[in-house]
Amino acid sequence: MLDLLVRNAAFPDGRTGLDVAMRAGRIVEIAPSIEAEAGRVIDAAGHLLSPPFVDAHFHMDATLSLGLPRMNVSGTLLEGIALWGELRPTLTQDAVVERALRYCDLAVSKGLMAVRSHVDVSDPKLVTVEALLEVKNRVAPYLDLQLVAFPQDGYYRHPEAAAALERALDMGVDVVGGIPHFERSMEAGRASVEALCRIAADRGLRVDMHCDETDDPLSRHVETLAEQTVRFGLQGRVAGSHLTSMHSMDNYYVSKLIPLMAEAELAAIPNPLINMMLQGRHDTYPKRRGLTRIPDLLAAGLDVALGQDCVLDPWYAMGTGDVLDVAHMAVHATQMGAQVDKTTFFDAVTTVPARILGLDGYGLAVGCHADMVLLQARDPAEAIRLRPNRLAVIRRGKVVAETAPELTRLALEGRPQSVDPAAYAPRNAT
Ligand code: FE2
């Protein structure tokens with residue numbers, strides 16, 4: 001007896017007409033036509049069944065705090081950091097937990113089942129760390145929350161950050177973070193990258209730094225990150241988040257830099273919504289897009305995952321919990337509009353971040369966790385174009401969220417009686 005059977009699904013790799021059988025929290029069979037009893041059967045009707053969405057970069061300690069204690073008037077990264085600094089001393093563990101849990105409800109409803117969240121370790125009381133460790137435990141049945149020790153006010157610039165970061169790691173935070181472009185000098189930034197990579201190597205942890213989140217083309221800490229990754233043998237375990245200065249760098253320099261990043265097997269985690277909103281603020285016209293060089297990084301074979309970064313917080317007054325919004329923005333900002341490009345960006349919010357986070361049992365294959373999302377779309381390109389309903393969100397073989405299919409009734413003379421938004425994509429488009 002199966003727990004759940006999904007019939008007639010399309011897979012992101014292009015296969016269609018597949019049934020997926022689940023028992024005891026795992027996928028036990030994938031085949032065109034499975035004959036078995038099941039506690040529940042879902043007819044996918046040819047719609048896209050995806051492994052869960054994964055958000056590679058988020059700030060769950062700040063989410064849903066928009067307007068506290070005031071709005072970010074300039075809209076810049078630096079005013080956002082200052083505003084967070086005003087809010088931080090007033091935070092209580094209960095308030096952070098409550099906001100984070102509410103956000104996770106939204107995330108799961110969008111099919112998001114794994115999030116890498118940076119958590120600020122600048123406050124030596126570590127209220128946010130205590131809060132997010134509690135949240136991590138409470139949401140574990142439906143969402144994998146991976147935490148990054150993030151010295152928001154600078155590893156060296158804030159006098160208590162270094163000790164607090166070590167304590168946060170002792171408490172169970174998973175990944176070493178950093179923010180070299182916010183240190184007082186290029187030299188301090190370089191030193192912070194070296195110190196933080198050493199901590200990660202000593203503790204056997206992954207690294208994910210906010211790196212060069214600036215329009216300054218001379219902010220080159222990613223070069224140091226690649227160098228120190230190789231030095232400490234951390235290849236394949238280090239991510240550079242944002243990397244926006246690469247947008248403005250000299251082309252000749254980038255022709256040296258990207259091969260160094262590939263040698264270090266760095267992952268790149270741009271955050272298109274936030275990068276488009278925060279960067280280019282000192283430009284008049286033309287205004288820079290503030291996004292790293294995604295096509296070039298992909299061409300060099302680097303893992304590129306997309307993150308949301310913020311939802312309704314001091315840096316961003318928008319956000320939905322839907323990483324397909326992020327992929328949609330990435331298509332536009334990179335001008336990568338072909339069907340195959342959209343599949344690449346679908347991977348950038350599913351399989352690629354799952355690899356960067358090191359998630360176990362992730363994927364649509366026999367033996368993997370029975371975690372998946374049924375979308376009201378036929379393929380990954382259409383999913384990004386429509387950002388459609390999540391018809392069913394399945395965790396460990398149980399439906400944890402459901403949405404009725406969108407079907408608008410029409411009352412137009414001589415026209416069909418309804419519109420299904422998932423019925424417009426060209427077949428076999430490339
Ligand atoms: Fe961030």
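**Ground rules.** I number residues from 1 along each chain as its sequence is written, and I keep in mind that the model is predicted, so local features need pLDDT of at least 70, side-chain atom pairs count only at pLDDT 80 or more, and totals for chains, interfaces and linings use all residues. Side-chain values use heavy atoms, with hydrogens and water left out.

**Overall form.** I looked up the secondary structure and found 14 helices and 18 strands in the chain; helices (H or I, at least four residues) and strands (E, at least two) are DSSP runs, numbered from the N terminus. The C-alpha atoms fill a box of roughly 65 × 45 × 45 Å along the principal axes. The radius of gyration is 22 Å, which agrees with the value near 22 Å for a compact globule of 430 residues; this radius is taken over C-alpha atoms, and the globule rule is 2.2 Å times the number of residues to the power 0.38. Buried residues make up 57% of the 430, where buried means under 20% relative accessible area, exposed over 50%, and partly exposed in between, with a 1.4 Å probe and protein chains only. Of the contacts with a separation of 6 or more, 76% come from residues 24 or more positions apart, a contact being heavy atoms within 4.5 Å.

**The eight-stranded sheet.** I followed an open sheet in the order β6-β7-β8-β9-β10-β11-β12-β13, with parallel pairing; two strands pair if DSSP finds at least two bridges between them. The edge strands, each pairing on one side only, are β6 (53–58) and β13 (303–304). Strands β9 (residues 175–176) and β10 (residues 206–211) run parallel and are joined by two bridges, with V207 of β10 as the bridge partner of V176.

Helix α3 lies across β7 and β8 (144–150) and runs at about 165° to β8; axes are lines fitted to C-alpha atoms, for helices over the stretch in contact, and angles run from 0 to 180 degrees between N-to-C directions. In α1 (residues 77–87) I find L77, E79, G80, I81, L83, W84 and L87 buried, and their cover includes β7 (112–120), α3 (127–139) and α9 (272–278).

**The four-stranded sheet.** A further open sheet has the order β3-β2-β1-β4 with mixed pairing, and its edge strands, each pairing on one side only, are β3 (26–31) and β4 (38–43). The twist averages 20° from one strand to the next. Strand β1 (residues 2–9) pairs with β4 in the parallel sense over five bridges, and L5 stands opposite V41 in β4.

**Loops and backbone.** I found a cis peptide bond joining L68 and P69, with omega about -10°, and P69 lies in the loop between β6 and α1. The peptide bond from Y285 to P286 is also cis, with omega near -5°; P286 lies in the loop between α9 and α10 (294–299). L312 is not a glycine, although its phi is positive at about 50°; L312 is partly exposed, with a relative accessible area of 29%. Q335, likewise not a glycine, has a positive phi of about 60° and is exposed at 64%.

**S219.** Leaving aside neighbours within four places in sequence, S219 is in contact with H181, M186, D212, T214, S245 and M249.
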